[in-house]
Amino acid sequence: MDGLPSLNRLIRQLQRLPYLASKNVYRVSQYFLELSTAQREEFCRILLESCQSLRPCPICCAWSEVGSGCLFCDASTRDRSIICVVESWYDLQAIEHTGVYKGLYHVLGGVLSPLDGIGPNELLLDKLQSRVGSTVKEVVLALNQTPESDATAAFIARLLKVSDVLVTCLARGLPVGASLEYSDRLTLNKALLERRMF
Ligand SMILES: [Zn+2]
């Protein structure tokens with residue numbers, strides 16, 4: 001839009017946001033423009049403060065509050081004999097919402113994708129391997145149902161084969177192509193309880 005450089009700048013920033021459909025960029029810019037100054041300032045303040053206050057846990061890579069320890073690794077109530085491997089923090093949330101899983105996590109932050117330069121190092125698989133010691137009896141691969149996720153799960157299972165740990169995966173029942181994040185709680189609950197040997 002010629003003559004509106006400030007609006008163009010705002011729209012260009014919004015266009016960089018992943019997951020925001022391009023048709024919604026104008027609506028979101030309208031939303032921000034219509035906020036009161038106080039609301040806009042609060043939004044910016046919370047965004048900045050949240051980014052400063054959250055860090056990936058050095059052990060499981062789930063988000064944790066700076067100075068507060070990890071909700072999972074540092075909780076005495078979690079079962080330390082089992083680690084659930086998930087692709088993302090939002091998949092971790094989906095597992096937590098089932099209420100049936102009480103073990104630890106390892107958040108990969110993606111799946112193997114050599115063309116995009118994502119290898120075992122980027123997914124911190126050495127960290128996962130080092131966690132699988134005498135205390136850990138089972139690793140559940142709770143990855144999404146896509147070809148890339150399947151390949152990643154197979155890679156991790158091979159990697160852990162040398163350790164004396166049971167490697168399981170979620171029961172079939174989740175639709176092909178499904179992401180855990182969008183699975184309904186009952187289906188995910190059943191898939192977790194009926195997990196099988198990988
Ligand atoms: Zn942790």
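## Ground rules

What you see is a predicted model, where local features need pLDDT of at least 70 and side-chain atom pairs count only at pLDDT 80 or more, while totals for chains, interfaces and linings use all residues. Residue numbers start from 1 along each chain as its sequence is written.

## The chain as a whole

The chain has seven helices and seven strands, counted as DSSP runs (H or I, at least four residues, for helices; E, at least two, for strands) and numbered from the N terminus. Starting at the N terminus, the order is α-α-α-β-β-β-α-β-α-β-α-β-α-β.

## Two domains

The domain assignment gives domain 1 (5-55) and domain 2 (70-197); such bounds come from an automatic or database domain assignment. Taken over C-alpha atoms, the centres of domain 1 and domain 2 are 33 Å apart.

## Where two helices meet

Helix α4 (residues 89-98) packs against helix α7 (residues 185-193) at an angle of about 85°, with the axes 9 Å apart. Axes here are lines fitted to C-alpha atoms over the stretch in contact, and angles run from 0 to 180 degrees between N-to-C directions. So α4 is roughly perpendicular to α7, a label that covers angles of 65 to 115 degrees.

On the α4 side, A94, H97 and T98 make the contact, and on the α7 side R185, L188, N189 and L192 do. Contact means C-beta atoms, placed from the backbone, within 7 Å.

Key
Parallel < 35°, antiparallel > 145°, perpendicular 65-115°, else oblique. Contact = placed C-beta atoms within 7 Å.
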